[in-house]
Amino acid sequence: MKVAGAETTIEGAGRYIPGIDGLRAIAVLAVILFHLRPRFFPGGYLGVDIFFVISGFVVTRSFIDAQSGRLRTTLARFYARRVVRIVPALVVMLTVTSVFSVLFIPAASVMTASRGVAVGAAVGGANIVLAFLSQAYFGGSSERNPFLHTWTLGVEEQFYLVLPFLIWLWSGGDQKQGRRRLALSIGALGFASLLLSTHLYASAPNLAFYLMPSRFWELAAGVLLAIGLPGWQEAAKSAGLPARWCAYLFSIAMLGALITLPWLQAAPRITIGAVVAAMILLMLVVARPGYMPPIWLETKAATYVGRASYSLYLWHWPVIVLLRWTIGLEGGIPLVIALVLTAVLGLLSYHFVEQPFRAKRRETYTFPLQVVLAGSVALLVCACVVFTVFHAERSITLSRMHYGLLADRTFRAGACASSSLVEPLAGGTVERWSPRCPGKPGRARLFVVGDSYAWSYGSMAARYAAGRGAPAAIFHRNGCPFPYIAPIAPQQAGCEAFHRSVIATLSRSVAPGDVVVMASLRIDRLDPDRPRGIIPLPARPAAAAMSRRRALALLLPLARRGAILVFEAPRPVFRAMPYRCSDWFNRANPDCRGGFRVPEREFSASRAVMLAEYRELGAVLPRAAVWDPFPALCPASVCDAYRGDRPLYFDSYHVTEHANDLLYPAFLTFIDELGHPPSETNGR
């Protein structure tokens with residue numbers, strides 16, 4: 001969570017301030033330790049807030065002191081320095097990490113998000129991509145995205161686009177004029193940003209966390225310090241040693257408490273505390289460099305880590321994520337490996353990528369437009385390379401698991417095939433398969449409705465369309481079981497709108513004899529930390545009755561049109577995920593300790609609860625039935641996620657194409673027994 005480091009030499013002052021790099025060292029170490037051991041450093045992510053304050057200060061002073069009479073010249077030099085500072089190390093990290101991600105991370109859904117974030121990072125918009133991906137920073141899927149940390153670069157790069165024009169607009173192009181007007185304007189914008197951030201944390205936390213407008217107030221704190229430097233610097237210099245010690249101890253104690261004490265972790269209050277502490281420390285090291293109390297921030301070790309903090313930050317997160325995907329991060333040995341790799345890669349980047357480019361100060365100052373153009377071209381080329389690498393992942397990955405095991409949506413039956421079309425529907429999708437060899441008139445059409453469980457039946461729907469010569473469709477929205485039936489966890493916001501859209505669509509097209517299969521996650525996922533997993537408890541009678549009434553209200557319109565309503569009985573789930581545990585480099589990962597074999601009896605209690613609910617609904621609905629995939633997936637007393645060496649599951653609960661192949665004959669027999677004669681035109 002580091003922002004791109006700015007220079008620590010304050011132009012115009014003509015001196016290097018080592019304490020600023022000392023502050024950077026605190027920030028980057030806090031972030032690295034948080035990512036490695038969050039339970040010991042629950043507030044370590046506040047390092048990013050320290051970086052934002054520092055960046056706001058240093059970049060503002062750099063721009064103000066470098067202003068010339070022409071805006072064009074000033075902007076060209078400003079952006080040239082930013083390009084030299086940020087782009088080379090970023091391009092190398094994005095390229096190398098993309099290659100290693102494709103090699104060692106199975107081509108799962110998280111890789112689609114990773115590709116988007118990586119390309120976004122190359123064009124300064126990773127934070128925008130993440131804000132609208134519905135990936136919370138502290139969520140499980142985000143922990144496995146090797147480019148997640150680049151969101152801070154997006155925030156800072158967007159800040160670079162705004163800051164020069166704000167300064168120029170309110171200072172009139174003259175650093176000595178309009179200082180008061182500039183401070184008032186930045187202060188007002190910063191306060192508005194804080195209010196926006198506070199509001200969004202309650203209503204849209206992803207937007208509050210990732211977007212620049214809701215982070216601007218932290219950068220504005222540094223900007224205000226930079227604008228008011230001549231005034232507060234003299235006052236700070238004249239302060240006595242006891243006052244400086246009190247300020248220093250207060251800010252250090254506040255940061256230490258916020259970083260380490262779990263009961264203080266409440267945003268945005270904790271962020272405000274970190275910003276205040278960072279401002280105090282920044283004032284101390286700038287006002288009286290070389291004087292106690294913060295002299296330890298100016299030691300060679302602290303300043304060295306601070307100078308290398310940008311590269312250390314760029315590499316620490318890819319290292320952590322790739323270890324998380326391979327050998328895991330539990331235990332002391334992986335921790336040491338992560339720290340060593342971060343240090344080696346970060347310092348190599350600092351000495352052999354960052355420093356050589358930053359040493360070309362004359363070229364940067366003399367040919368700023370050329371530097372900006374070269375940097376822009378490098379980023380665009382990097383974005384193309386990243387996209388190309390991810391596009392070729394199926395051919396270059398070292399993993400035997402690929403998303404095609406789950407998402408193969410095509411099927412050919414002899415000379416016949418089915419083609420699919422995907423359309424959005426109320427936050428979800430509807431995917432339709434049309435047979436190229438239509439069967440006899442009156443063939444039952446197949447509609448599958450539900451959450452991602454339904455979506456994983458794609459290859460079976462494609463086979464049905466091609467083999468039976470009848471259209472098939474899957475309506476799905478992640479996290480939205482259809483219908484919602486207690487006692488499974490309450491449905492998410494937006495599911496009701498999806499349900500209404502599904503019913504409206506089906507009511508216009510379903511005909512007597514058509515089959516509507518309701519496939520959803522109706523058994524709780526197993527927990528690898530609990531030996532017998534989690535079995536859902538029966539719902540309270542009132543809650544069960546309410547969900548039953550809502551389900552009937554949804555389904556009766558379809559039943560009245562003559563549709564055959566099929567409830568999918570709960571199928572097995574597992575504690576470990578095959579796509580994360582099936583390769584030579586990840587089989588020993590602690591995430592795999594749950595295993596791929598679960599006794600069938602562990603599912604009996606939760607299945608009994610749900611089957612009883614189906615019986616209650618079936619007693620009211622005409623032509624309702626229950627299809628049970630359990631016998632085909634678990635023919636023995638112990639359920640196995642593999643059949644031979646072929647996975648039946650991609651993760652712990654979504655079935656693969658191979659499982660679809662095993663289930664299809666049983667499903668077809670089930671459909672035929674409901675009154676449709678076996679007349680498949682072609683076999684597989």
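This is a predicted model: local features need pLDDT of at least 70, side-chain atom pairs count only at pLDDT 80 or more; totals for chains, interfaces and linings use all residues.
**Notebook: salt bridges and a surface patch**

Residues are numbered from 1 along each chain as its sequence is written, and side-chain values use heavy atoms, with hydrogens and water left out.

**Entry: salt bridges**

I searched the whole structure for salt bridges (a side-chain nitrogen of Lys or Arg within 4 Å of a carboxyl oxygen of Asp or Glu) and recorded 16. Side chains of opposite charge can pair when their charged atoms come close.

I then checked how Asp-49 and Arg-215 meet: their side chains form a salt bridge at 3.0 Å, N to O. This pair links distant parts of the chain, with Asp-49 in helix H2 (residues 47–65) and Arg-215 in helix H9 (residues 212–227), 166 residues apart. Helices here are DSSP runs of H or I with at least four residues, strands are E runs of at least two, and both are numbered from the N terminus.

I looked next at Arg-548, which forms a salt bridge with Glu-613, the closest N and O atoms being 3.2 Å apart. The pair links distant parts of the chain: Arg-548 belongs to helix H23 (residues 541–560) and Glu-613 to helix H25 (residues 604–618), 65 residues apart. I also noted that salt bridges with shared partners join Asp-49, Arg-215 and Glu-218 into one network. Arg-548 is partly exposed because its relative accessible area is 21%, whereas Glu-613, at 11%, counts as buried.

**Entry: strand E4**

I found Pro-424 in strand E4 (residues 416–425). Its relative accessibility is 73%, so Pro-424 counts as exposed.

**Entry: surface patch**

Which residues form a nonpolar patch on the surface? I listed Val-336, Val-340, Val-344, Leu-348 and Phe-352, with about 470 Å² of accessible area together. Patch members have over 30% relative accessible area and no salt bridge; like charges are joined within 9 Å, and nonpolar side chains (Val, Leu, Ile, Met, Phe, Trp, Tyr) within 5 Å. Areas come from the Shrake-Rupley method with a 1.4 Å probe, and for residues only the protein chains shown count as cover. I placed Val-340 in helix H15 (residues 332–358); Val-340 is partly exposed, at 45%.

Key. Buried means under 20% relative accessible area, exposed over 50%, partly exposed in between (1.4 Å probe, protein chains only).
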